[in-house]
Amino acid sequence: MQAVEGAYFAELPVGEIRPNAVNPRTVFDEEAMAELVHSIKEIGLLQPVVVRRTGPSSYELVMGERRWRATQEAGLATIPAIVRETDDTDMLRDALLENLHRSNLNPLEEAAAYQQLLEDFSCTHDQLAQRIGRSRPQISNTLRLLKLSPAVQRRVAAGVLSAGHARALLGVGDAEQQDRLAQRVVAEGISVRGLEEIVAVGDGTGTPAPTPRRAKPKAPGLSEISERLGDRLETRVKIDLGKAKGRISIEFANTGDLQRIVDLIDPRNRADRPI
């Protein structure tokens, strides 16, 4: 992770951190806490806490007490932390947004970073989208990856499952079924399109398939092509195929994001040229 102005990142011993005495939050949902503990045991803590130094080997929590408590319950000896050297929260938030924009994160790390900015720094989806040049729906869809089971999240973090596979698995509500399908994807090399079809018919588990509607014509591999284009352009791409012709729709957040996409499609178009 890149350096952030006014703070630095460190792996700190959990026992050297103390909760903030003036934290107004004193009640933590037991079920949500148990889920977080399980997730941390499976894949570790993706969202660092924010602390300030109070002594040579002591720190006080500024943000993230729930994550700190869950890390303790999970039995981890250390915790990833942002050690804040300034009281300017706005500056720290903006620096972290810039760090997110510039860092090469996997989809799950990106989702965790979005979640931390929303929770700890009261960012809105619109602020995130505008600052890092993503569309608001893309922010929301990325955040949904955190709803996957910890075992599936671990595969996404390791790069074994693509973001496309992960999004397809979001259509499965049962965690065990998600895990089973993820194992099949890895073992059988199932494509994103193939996984979407398996999820749609209920995976043979007795889950009724949705009422069929007249589908538009769809060429083989169309979903994979739109997924590849979306990954290449870092935005949502939709491909529709009609009877006589097709259409490609590319989402963009603002004119700057549009120029970025144009430059990727045609390198002859430079950023300093007007759209």
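Visitor: In which sense do strand β3 and strand β4 pair?
Guide: This model is predicted. Strand β3 covers residues 49-55, and strand β4 covers residues 58-63. Five bridges link the two strands. Their pairing is antiparallel.

Visitor: How many residues lie between β3 and β4 in their hairpin?
Guide: Look at the bridges first. Arg53 has Tyr59 of β4 as its bridge partner. Gly55 is bridged to Ser58 of β4. The two strands form a hairpin, and the number of residues between them is two.

Visitor: In which sense do β2 and β4 pair?
Guide: Tyr59 in β4 is the bridge partner of Ile17. Between β2 and β4 there are two bridges. The sense of this pairing is parallel.

Visitor: Which strands stand at the edges of the sheet?
Guide: The sheet is open and has five strands, with mixed pairing. Read the order across: β1-β5-β3-β4-β2. An edge strand here has a single partner, so one side of it is left without a neighbour in the sheet. The edge strands are β1 (7-13) and β2 (17-18).

Visitor: Is Glu11 buried or exposed?
Guide: Glu11 lies in strand β1. Its relative accessible area is 53%. The cut-off for exposed is over 50%. Therefore Glu11 counts as exposed.

Visitor: How far apart in space are Glu11 and Ile82, C-alpha to C-alpha?
Guide: Leave aside neighbours within four places in sequence, and Glu11 is in contact with Thr78, Ile79 and Pro80. Now take Ile82. In sequence, Glu11 and Ile82 are 71 residues apart. In space, their C-alpha atoms are separated by 8.8 Å.

Visitor: Why do the buried residues of α6 line one face of the helix?
Guide: Helix α6 runs over residues 136-143, and its buried residues are Gln138, Ile139, Thr142 and Leu143. What covers them includes α4 (107-120) and α5 (125-132). Look down the axis of α6: the buried residues line one face because they fall within an arc of 135°.

Visitor: At roughly what angle do the axes of helix α1 and helix α7 cross?
Guide: Helix α1 spans residues 30-43, and helix α7 spans residues 150-157. Their axes come within 9 Å. The crossing is right-handed. The angle is roughly 40°.

Visitor: How many charged residues are in the contact of α1 with α7?
Guide: From α1 come His38, Ser39, Glu42 and Ile43. From α7 come Pro150, Ala151, Gln153 and Arg154. Three are nonpolar and three are polar. The number of charged residues is two.

Key: Residues are numbered from 1 along each chain as its sequence is written. This is a predicted model: local features need pLDDT of at least 70, side-chain atom pairs count only at pLDDT 80 or more; totals for chains, interfaces and linings use all residues. Side-chain values use heavy atoms; hydrogens and water are left out. Axes are lines fitted to C-alpha atoms, for helices over the stretch in contact, and angles run from 0 to 180 degrees between N-to-C directions. Helices (H or I, at least four residues) and strands (E, at least two) are DSSP runs, numbered from the N terminus. A crossing is left-handed if the near helix is turned anticlockwise from the far one by less than a right angle, and right-handed if clockwise. Contact means heavy atoms within 4.5 Å. Ala, Val, Leu, Ile, Met, Phe, Trp, Tyr, Cys and Pro count as nonpolar, Asp, Glu, Lys and Arg as charged, and the others, Gly among them, as polar. Buried means under 20% relative accessible area, exposed over 50%, partly exposed in between (1.4 Å probe, protein chains only). The arc is that of the directions from the helix axis to the C-beta atoms. Two strands pair if DSSP finds at least two bridges between them.
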